[in-house]
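Subject: Structure handover

Hi,

Here is the structure we talked about. Please open it alongside this email, and read on for what was found in it.

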Amino acid sequence: MTTAQLTSPYQHYVYAYPHKTAYRRLSDRPTLRSLWAAQDKSAMALYLHIPFCEVRCGFCNLFTRIGAPDGLTTAYLDALQRQAETVREALGDGEPVRFATAAFGGGTPTFLTASELERLCDIAEQGMGADLRAIPLSVEASPATATADRLAVLAERGTTRLSLGIQSFVDSEARAAVRPQRRADVEAALARIRDTAIPVLNIDLIYGIDGQTEETWLRSLDAALAWQPEELYLYPLYVRPLTGLDRHRTDTHGPDPAWDAQRLSLYRAGRDHLLARGYTQQSMRMFRRTDAPQQGADDYACQSDGMIGLGCGARSYTADLHYSFDYAVGMHEIRGIIDDYVTTTDFAHAEVGYRMDPHEARRRHLLQSLLQAEGLPVDDYRARFGTTPLDDFGPELHRLADRGWLAEADSAHLRLTPEGIAHSDAVGPDLFSPAVRAAMAAYERK
Ligand code: SF4
């Protein structure tokens with residue numbers, strides 16, 4: 001790693017560890033039945049992935065395609081149903097199988113029509129056995145697809161959190177991020193969402209857009225705050241390889257200290273604005289209204305529990321293997337993977353993945369806890385692994401402390417400092433294992 005990379009606050013958003021670019025084809029194609037046989041299945045997460053959007057935002061590297069030719073969404077739901085049946089069978093009935101949380105993500109799940117969303121809920125309920133009305137259910141939406149009929153279905157089927165990708169309330173900034181939308185349409189979508197009985201509204205906003213100033217950024221934040229969202233996610237803009245913004249970029253891909261400084265300064269302004277208005281910071285990106293209802297399941301811990309992902313861009317996690325299907329960012333490749341998925345009849349094997357050894361499991365626990373504002377209780381770590389984070393990651397933790405990013409490296413509770421949280425996207429990659437780092441570096445983008 002170069003010095004410039006080490007000091008750049010914007011290296012990698014760690015929302016899952018290891019990243020999918022570290023996954024590789026599994027030559028032994030293990031059966032799902034064997035993978036899940038010895039796992040605790042009493043409080044799992046369920047994720048259904050819908051890889052369709054009306055537009056492809058310039059910053060987006062998620063696994064999604066623009067639009068769907070006639071019949072493709074039906075074929076996709078047919079494949080999801082086949083996959084659900086196979087996966088549910090592989091989980092077996094020898095012990096309780098229970099989902100503690102569920103989420104529909106994408107892409108844009110609300111790209112589906114109201115009746116297709118009914119079918120999606122049926123697949124989760126009847127196919128997988130998830131009791132959607134009894135557990136937290138989070139759904140992602142875009143302003144144009146958050147129509148009254150779709151929202152009514154989602155509310156009736158038990159959605160507890162609706163997340164709306166807005167990015168900016170300033171039309172020219174939305175255009176600059178290649179997400180063309182009109183403020184009036186965004187406001188109308190928010191009104192429709194607030195008219196439903198979905199308890200938690202999350203709004204996603206982006207900072208670091210070309211032409212964005214502190215004044216326009218705070219204007220967007222205030223426009224969002226007018227709806228009193230229970231949650232707000234503030235994302236730094238990244239220009240990632242093969243995305244729309246990357247293709248339009250004329251400069252080099254080297255470090256950009258001026259842009260780093262702009263993002264860091266907008267981050268601080270946004271954070272302080274929300275902290276002063278009754279929000280608490282959960283992580284670098286996430287803020288929750290202090291009086292909002294708690295949304296997590298009582299008995300679900302993302303550090304340790306299993307996850308079942310259905311759909312061609314979803315991952316699944318057992319304690320020993322993280323797996324999914326093939327991954328791509330380029331449009332042509334994504335379309336090919338979706339077309340393969342909808343014709344797949346054998347979903348009984350894991351195809352692509354990363355094997356987790358005990359050391360990687362410790363790293364994952366450390367990363368996923370430390371990047372939360374509340375940090376990592378050392379006793380929890382010791383109870384799970386029999387060691388302390390300092391035993392396992394002393395040099396890394398001392399390095400963070402030396403930079404002023406870790407509060408009291410040897411206390412009973414490891415927590416990032418406010419500057420550490422501001423630098424989460426540098427802290428995270430610094431904790432990747434050499435093996436994961438090497439696999440990510442060797443990944444061929446497509
Ligand atoms: S940001 Fe959301 S709406 Fe935009 S292309 Fe990506 S998944 Fe689709």
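The chain splits into domain 1 (23-289) and domain 2 (358-437). Those bounds come from an automatic or database domain assignment.

Two notes before the rest. Residues are numbered from 1 along each chain as its sequence is written. This is a predicted model, in which local features need pLDDT of at least 70, side-chain atom pairs count only at pLDDT 80 or more, and totals for chains, interfaces and linings use all residues.

The two domains

The centres of domain 1 and domain 2, taken over C-alpha atoms, are 27 Å apart. Seven residues of domain 1 are in contact with six residues of domain 2. Contact here means that the C-beta atoms of two residues, placed from the backbone, lie within 7 Å. On the domain 1 side, helix H10 (residues 257-275) gives the largest share, three residues. By class, that side has three nonpolar, three polar and one charged residues. For the classes, Ala, Val, Leu, Ile, Met, Phe, Trp, Tyr, Cys and Pro are nonpolar; Asp, Glu, Lys and Arg are charged; the others, Gly among them, are polar. Helices (H or I, at least four residues) and strands (E, at least two) are DSSP runs, numbered from the N terminus.

A helix pair

Helix H4 (residues 114-127) packs with helix H5 (residues 148-156) at an angle of about 20°, and their axes are 8 Å apart. The axes are lines fitted to C-alpha atoms, for helices over the stretch in contact, and angles run from 0 to 180 degrees between N-to-C directions. H4 and H5 are therefore roughly parallel. The cut-offs: under 35 degrees is roughly parallel, over 145 roughly antiparallel, 65 to 115 roughly perpendicular, and the rest oblique. The H4 and H5 crossing is right-handed. That term applies if the near helix is turned clockwise from the far one by less than a right angle, and left-handed if anticlockwise.

H4 brings Ala114, Leu117 and Glu118 to the contact, and H5 brings Asp149, Arg150, Val153 and Leu154. By class, that makes four nonpolar, no polar and three charged residues.

Backbone points to check by eye

Most residues other than glycine have a negative phi, and most peptide bonds are trans. Here are the exceptions to look at.

- Tyr17 to Pro18 is a cis peptide bond, with omega near -5°. Pro18 sits in the loop between helix H1 (3-7) and strand E1 (24-25).
- Gly106 and Gly107 are also joined by a cis peptide bond, with omega about 10°. Gly107 is in the loop between strand E5 (99-106) and H4.
- Arg29 is not a glycine, yet its phi is positive, near 40°. Arg29 lies in the loop between E1 and helix H2 (32-36). Arg29 counts as exposed because it has 12 C-beta neighbours inside 10 Å.
- Gln167 has a positive phi too, about 75°. Gln167 is in strand E7 (residues 161-167). Gln167 has 25 other C-beta atoms within 10 Å, so it is buried.

The burial scale counts other C-beta atoms, placed from the backbone, within 10 Å of a residue's own: 20 or more is buried, 12 or fewer exposed, and in between partly exposed.

One glycine in E7

Gly165 is in strand E7. Gly165 is buried, with 22 other C-beta atoms within 10 Å. Leaving out residues up to four places away in sequence, Gly165 touches Glu140, Ser142 and Asp204. The C-alpha atoms of Gly165 and Val186 are separated by 9.7 Å, and the two residues are 21 apart along the chain.

Best wishes
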